[in-house]
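The chain and its coordinates come first.

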Amino acid sequence: MDGGPQAVVAARVPGAAGLGLLAPPSARPFPAALLADPAWTAGRVAALGRRYRSADRRVLATVWWYSASAVLLTPVAAGLATGRPLSARLADTTLYEIAGGTVLAGVSRAPAGPDSAGELREALGSAIAAVAEAGGVRPRPLWAVAADSLAGRLLAVGRALGAVGAVTALAAPVAAAVGNPMPAPRYTDVGGVRYVRRVSCCLLLRLPGEAMCTACPARPPAHRQVLLEGL
């Protein structure tokens, strides 16, 4: 990565490479604008289906978006957490993937503009529209997935900075600024440790060989609490 604005942000975040703020040398770049292309997204969904031996487009598209949205939102989360907001525009963002199509890093090439919430709303809206078309999914559940990705990325960066409370406190105002239909991100504290209290289901459990996530909102609350305490 060059010396652009994200390099300054990454330098302030311990473990930036593991968080997806730095691309590994072997990763292949592609423009984030492709996320807004329904045909390209359909190809990614089909490839995921071959990997999991599943033809359920709705499930596959949701699982793919859960992963891709987390990477897309990592520069945004890190920029906010370090006080150097980065552009959320798809045109300003490059994503990086490894062999097999796993997207694992994202780099924003510009600082956030004067309407950062509008940039984020447009980027998410464009990508969600493509995922919805490719998978035959309603947009609203995909906005919930994006809310969980935002919450999760802020939590991860907050842990890296040793400032969980301050960084996760940004989640609700950011979602409110983006506006409907993005729901408010939520957190829960268990045994002194903060976790994302999911507002979406990634549907991973509906793919062959996959189990229900520990924090899945489909679990009974008491069971979820016991599992989180075990962590």
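## Terms and basis

A residue is called buried when its relative accessible area is under 20%, exposed when it is over 50%, and partly exposed in between, with a 1.4 Å probe and protein chains only. Helices (H or I, at least four residues) and strands (E, at least two) are DSSP runs, numbered from the N terminus.

The model is predicted: local features need pLDDT of at least 70, side-chain atom pairs count only at pLDDT 80 or more, and totals for chains, interfaces and linings use all residues. Residues are numbered from 1 along each chain as its sequence is written, and side-chain values use heavy atoms, with hydrogens and water left out.

## Overall make-up

The protein has nine helices and five strands. Read from the N terminus, the order of elements is α-α-β-α-α-β-β-α-α-α-α-β-β-α. Of its 231 residues, 48% count as buried.

A contact is a pair with heavy atoms within 4.5 Å. Among contacts with a separation of 6 or more, 65% come from residues 24 or more positions apart.

## Helix H8

Helix H8 spans residues 171-178, and Ala171, Val174, Ala175 and Val178 in it are buried. These residues lie on the same side of H8 because they cover an arc of only 95° around the axis, the arc being that of the directions from the helix axis to the C-beta atoms.

Several elements cover the buried residues of H8, including helix H4 (57-81), helix H5 (116-135), helix H6 (139-161), helix H7 (164-168) and strand E4 (187-190). After H8 comes Gly179, with a positive phi near 90°.

## Strands E2 and E3

Strand E2 (residues 93-97) pairs with E3 in the antiparallel sense over five bridges; two strands pair if DSSP finds at least two bridges between them.

Strand E3 (residues 103-108) is mostly covered, with five of its six residues buried.

## Salt bridges

A salt bridge here is a side-chain nitrogen of Lys or Arg within 4 Å of a carboxyl oxygen of Asp or Glu. The structure holds five of them. One joins Arg28 and Glu97, whose closest N and O atoms are 2.1 Å apart. This pair links distant parts of the chain, with Arg28 in strand E1 (residues 28-31) and Glu97 in strand E2, 69 residues apart. Arg28 is partly exposed at 42% relative accessibility, whereas Glu97 is buried at 6%. Glu97 also meets Arg44 in a salt bridge (2.8 Å, N to O). Arg44 lies in helix H3 (residues 38-52), 53 residues from Glu97, and is buried with a relative accessible area of 14%.

A further salt bridge joins Asp148 and Arg198 at 3.5 Å, N to O. Asp148 is in helix H6 and Arg198 in the loop between strand E5 (193-196) and helix H9 (221-230), 50 residues apart. Asp148 is buried at 2% relative accessibility, and Arg198 is buried at 7%. Shared partners join Arg28, Arg44 and Glu97 into one network of salt bridges.

## Aromatic pairs

Rings of Phe, Tyr and Trp (its six-membered ring) pair if their centres lie within 6.5 Å; planes under 30 degrees apart count as stacked, over 60 as edge-to-face and the rest as tilted. By this rule there are two aromatic pairs. Phe30 and Trp40 form a tilted pair, 5.4 Å centre to centre with 40° between the planes. Phe30 is in strand E1 and Trp40 in helix H3, ten residues apart. Phe30 is buried at 3% relative accessibility, and Trp40 is buried at 17%.

The rings of Trp40 and Trp64 have centres 5.9 Å apart and planes at 75°, so this pair is edge-to-face. Trp40 lies in helix H3 and Trp64 in helix H4, so the pair ties together parts that are 24 residues apart in sequence. Both Trp40 and Trp64 are buried. Ring pairs link Phe30, Trp40 and Trp64 into a cluster.
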